[in-house]
Amino acid sequence: MSVSGVPRHWRSQRERYRLLGTYCENCGTSFFPRRKICPKCRRKGRTREVEFSGRGRVFSYTVIHVGSKTFDEYAPYVIGLIELQEGPRVLSQIVDCKPEDVHIGMEVEVCFRKLFEQEDGGIISYGFKFRPVDDSWVEYYGKLLAEKKARTAQT
Amino acid sequence: MRGTGGFSKRGDHGLKREVAIVAVGATRFGEHWSKGLKDLAWEAGVQAVEEAGISGKDIQYIVFGNMSGGMFEGQEHVGALVADFLGLNPVPATRVEAACASGGVAFFQGYLAVASGMYDLVAVGGVEKMTDVEPGQATEILSAAMDYEWEAYFGATFPGVYALMATRYMHDYGLKPETLAKVAVKNHYHGSMNPLAHFRNRMTVEDVLSSPIVAHPLRRNDCCPVSDGAACVLLAPLDEAHKYTDTPIIVKGVAQASDTLSLLERRDICTLNATVQAAEKAFAMAKLARRDVDLVEVHDCFTIAEILALEDLGFCAKGEAFKLYEEGETYVGGRLPVNTDGGLKAGGHAVGATGVKQLVEIVKQLRGEAEGGRQVDEAEIGLAHNVGGSGATAVVTILSRR
Amino acid sequence: MRVGIVGYGAYVPRLRIRVEEIARVWGHDANSYREGLGIEEKSVPSLDEDTATIAVEAARNAMRRAREVKPSEVGALFVGSESHPYVVKPTAATVAEALGLTPSLTAADTEFACKAATTAIQACLGMVKAGYIRYGISIGADTAQGAPRDALEYTAAAGGAAYVIGAGEGVIAEVEATYSYTQDVPDFWRRDGDSYPRHAGRFTGEPAYFEHVINCTRILLEKTGTTPRDYDYVVFHQPNSKFPLKAARELGFEDKKLHPGLLVNRLGNTYSGSSLLGLAAVLDVASPGERILLTSYGSGAGSDSFSIRVTAAIDSKRKLAPPVIYYLDKREYIDYSTYARYRRLFKER
Ligand SMILES: [Zn+2]
């Protein structure tokens with residue numbers, strides 16, 4: 001990614017950091033990447049910036065074993081085409097899982113990761129990636145409470 | 001309102017005259033360590049000029065495809081560069097860029113230049129010098145043909161984007177890797193008969209399935225190579241074609257269409273809509289049906305791309321094309337011979353030259369000059385299909401012997 | 001005015017390496033490290049994780065719990081770390097941008113070995129109390145460095161915790177008092193341009209860790225007129241399992257008050273995240289009315305002590321984000337060669 005300079009990285013930084021897109025209040029459609037105009041409503045559209053929930057499902061995926069120069073260090077890595085809850089699709093890496101566990105329809109959620117580092121002490125690019133949804137943490141609170149009760153009972 | 005991409009209001013598309021290919025030339029595709037971009041362009045150009053029995057000075061306009069002289073060679077402004085090297089100054093020379101469809105797009109432009117009546121002899125070429133950079137660098141340069149900001153930036157590669165199509169296609173239509181491998185096996189078989197092919201070895205399904213994974217589910221032998229090469233065709237008005245050749249090949253239809261650069265905004269990633277659109281227009285212009293076509297050259301940058309192409313061109317319904325491979329119908333001698341020169345997979349892929357190289361093969365076939373046992377019997381009509389990036393540009397050209 | 005924590009969040013990368021695996025590579029006796037340091041395994045960042053990404057994940061969890069806080073109401077954000085991705089260019093600005101807090105806030109990276117973030121909590125408390133800001137965020141996060149083969153390699157871990165500081169009804173844990181204790185002690189350092197810190201071996205014990213942790217805690221107890229009996233939990237900086245245990249015993253805290261916040265045996269030493277992840281684990285289980293004593297330690301050297309009282313607001317907010325134990329359980333073991341690859345120990349040129 002050495003072809004582009006610092007301003008180019010910076011220009012779309014907010015959208016990469018926060019998964020921002022466009023929402024049209026006239027027709028209720030969400031877009032990613034952002035658009036200046038709603039292609040359905042044209043002049044009647046009322047578009048505004050929207051931060052997506054970050055939840056979605058894998059529409060398709062691949063496991064890259066031979067990366068481009070910038071990304072080869074990370075290989076093998078999973079690239080997913082992810083359909084967000086709000087409708088639009090994003091292309092992003094899927095991390096925190098084994099490549100063989102990824103499948104079409106898998107639920108994923110957004111996380112914040114390093115995308116790549118420019119060579120020779122250049123800037124670091126951060127942005128969204130996705131990981132499998134794991135809501136199992138919700139059940140921990142019941143366990144923690146029960147353990148605490150048991151401890152208090154002992155003493 | 002979306003642009004219709006239609007033709008002019010006149011029923012004959014506003015064109016003044018019919019156009020024919022009167023001569024062709026092509027280098028071998030492969031690793032040309034001792035030849036640079038100019039050398040390759042020269043080699044293909046001279047062949048065509050000699051075949052037509054003309055002097056280079058007879059050429060009135062040069063238009064050729066080159067994807068990225070700038071990134072592969074650090075050299076832009078290659079239009080004038082090539083014209084000068086061929087000793088053709090001050091002939092106007094234009095380099096066009098549409099990623100891997102650069103050659104096809106150049107042909108479309110050259111066609112318009114002759115059909116419009118502006119020029120009577122036009123050289124259409126394509127050239128790419130790719131092996132001067134390391135493979136990792138080449139992967140990065142080719143990824144510039146995708147959406148940089150929202151695909152390449154996140155680590156997507158070119159094989160990766162086609163792999164996304166393949167994964168979904170397999171899921172939706174039940175294509176198996178063994179069947180996909182047959183695309184490469186067939187193309188290597190054809191390539192083995194083509195002296196200009198990058199690879200001339202035959203290959204088995206097992207060879208494909210045991211090659212290393214590049215981007216799951218695509219393996220190395222599902223992917224075309226990175227090649228150096230050039231190709232050239234000369235165009236003239238049909239009614240003047242006899243001055244150059246006894247076997248002019250007529251351009252019956254040619255159309256170009258565009259689509260999103262990224263996969264993100266395509267609802268159906270198993271269809272290349274630009275191919276669908278270009279094919280509809282080219283067939284309408286040629287006033288021909290799919291069944292009239294005797295052979296096709298399709299853009300098989302990856303095995304899955306060949307399957308998608310046959311469907312998007314209208315030869316098969318969606319989800320059906322791979323069945324032709326189970327039955328061996330795409331070999332020379334089959335119901336629909338596909339990529340008789342080995343395609344991109346075995347024939348090689350010098351990105352900017354590929355669209356023109358496909359036309360060279362069709363011309364040879366229609367003239368009955370295809371060597372090595374790959375000649376399709378009584379081939380009268382051939383179709384070439386050239387794609388840029390992951391389908392943002394497609395050019396479909398239909399050529400006929402009569 | 002009740003001032004304190006209105007939201008907290010933790011994050012630990014999911015890769016782990018076991019003490020045995022590191023010892024195997026260097027021919028060390030694993031048991032002596034396991035027992036000497038009281039550590040079984042440590043967390044390791046993936047190639048695509050660093051202090052900034054860990055800080056964002058922890059801070060997003062903290063903001064989930066601080067649900068009443070609007071991004072525009074956050075007036076300050078600090079990231080305390082000794083592994084900021086850039087020497088010059090603030091991690092805090094990246095984190096603020098990723099949380100959507102920009103541009104109307106102050107932000108900075110802080111550094112005081114492992115106590116950089118507790119000091120930043122004090123800064124936030126002060127600004128909130130003074131009315132300069134409505135809410136402030138302090139994050140302690142590190143991808144801790146330890147040179148290969150050094151004793152530190154067994155413990156240097158990755159993780160972080162974030163705290164949203166504010167006032168009013170939303171406070172889930174009130175900071176009743178804070179006190180700091182600082183002296184110039186060269187027990188551990190990293191010179192500019194060096195990749196790994198150096199340390200003065202056993203010197204880091206008595207005159208450094210214990211001198212500061214024990215005195216800082218003792219003086220806070222005196223100033224607040226409290227005794228260890230008044231606290232339900234105690235959390236110390238935890239470079240290993242032994243140091244905090246020894247300090248707790250010397251101060252008169254029962255072992256059981258230390259255990260809920262003692263994570264080092266399964267986590268390693270997350271440097272700036274260490275004591276704050278311990279506090280987060282305590283907040284995961286603490287009941288309204290319970291009291292927590294927190295003392296950080298940063299080499300060089302200093303400690304910050306906090307007397308914290310949990311409020312009734314904790315019950316509704318706690319469950320809005322994952323507990324620390326979830327992150328400790330969610331793990332995948334790697335071998336040393338993978339570890340070396342992820343920590344970029346191999347020289348390619
Ligand atoms: Zn709309």
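A residue is called buried when its relative accessible area is under 20%, exposed when it is over 50%, and partly exposed in between (1.4 Å probe, protein chains only). The structure is a predicted model, in which local features need pLDDT of at least 70, side-chain atom pairs count only at pLDDT 80 or more, and totals for chains, interfaces and linings use all residues. Residues are numbered from 1 along each chain as its sequence is written, chains are lettered from A and ligands numbered from 1 in the order in which they are written, and side-chain values use heavy atoms, with hydrogens and water left out.

Chain A contains three helices and eight strands, where helices (H or I, at least four residues) and strands (E, at least two) are DSSP runs numbered from the N terminus. Along the sequence the elements follow the pattern α-α-β-β-β-β-β-β-β-β-α. The radius of gyration of chain A is 20 Å, well over the 15 Å that the globule rule gives for 155 residues, so chain A is more spread out than a compact globule. This radius is taken over C-alpha atoms, and the globule rule is 2.2 Å times the number of residues to the power 0.38. Taken along the principal axes, the C-alpha atoms of chain A fill a box of roughly 70 × 45 × 30 Å. Of its 155 residues, 52% count as buried.

A:R42 is not a glycine, yet its phi is positive, near 50°. A:R42 sits in the loop between β2 (30–31) and β3 (47–51) of chain A, and its relative accessible area of 44% makes it partly exposed.

In chain B, helix α13 (residues 351–367) was examined. Its 17 residues should span 24 Å at 1.5 Å a residue, and the end C-alpha atoms are 25 Å apart, which agrees. The expected span is 1.5 Å times one less than the number of residues. Because 17 of the 17 residues of α13(B) are buried, the helix is largely enclosed by the rest of the structure. B:G368 follows α13(B) and has a positive phi, near 80°. Elsewhere in chain B, the peptide bond from B:N89 to B:P90 is cis, with omega near 5°. B:P90 belongs to the loop between α3 (78–85) and β3 (93–96) of chain B.

Chain C comprises 13 helices and 14 strands. Its radius of gyration of 19 Å agrees with the value near 20 Å that a compact globule of 349 residues would have. The C-alpha trace of chain C spans about 55 × 45 × 35 Å along its principal axes, and buried residues make up 62% of the 349 residues. Among contacts (heavy atoms within 4.5 Å) in chain C between residues at least 6 apart in sequence, 79% join residues at least 24 apart. The corresponding share in chain A, for contacts between residues at least 6 apart, is 50%.

Two loops of chain C also hold local features. C:T102 and C:P103 are joined by a cis peptide bond, with omega about 5°; C:P103 lies in the loop between α4 (91–98) and β5 (106–110) of chain C. C:R149, although not a glycine, has a positive phi of about 80°. C:R149 is in the loop between β6 (135–143) and β7 (158–167) of chain C and counts as exposed, at 55% relative accessibility.
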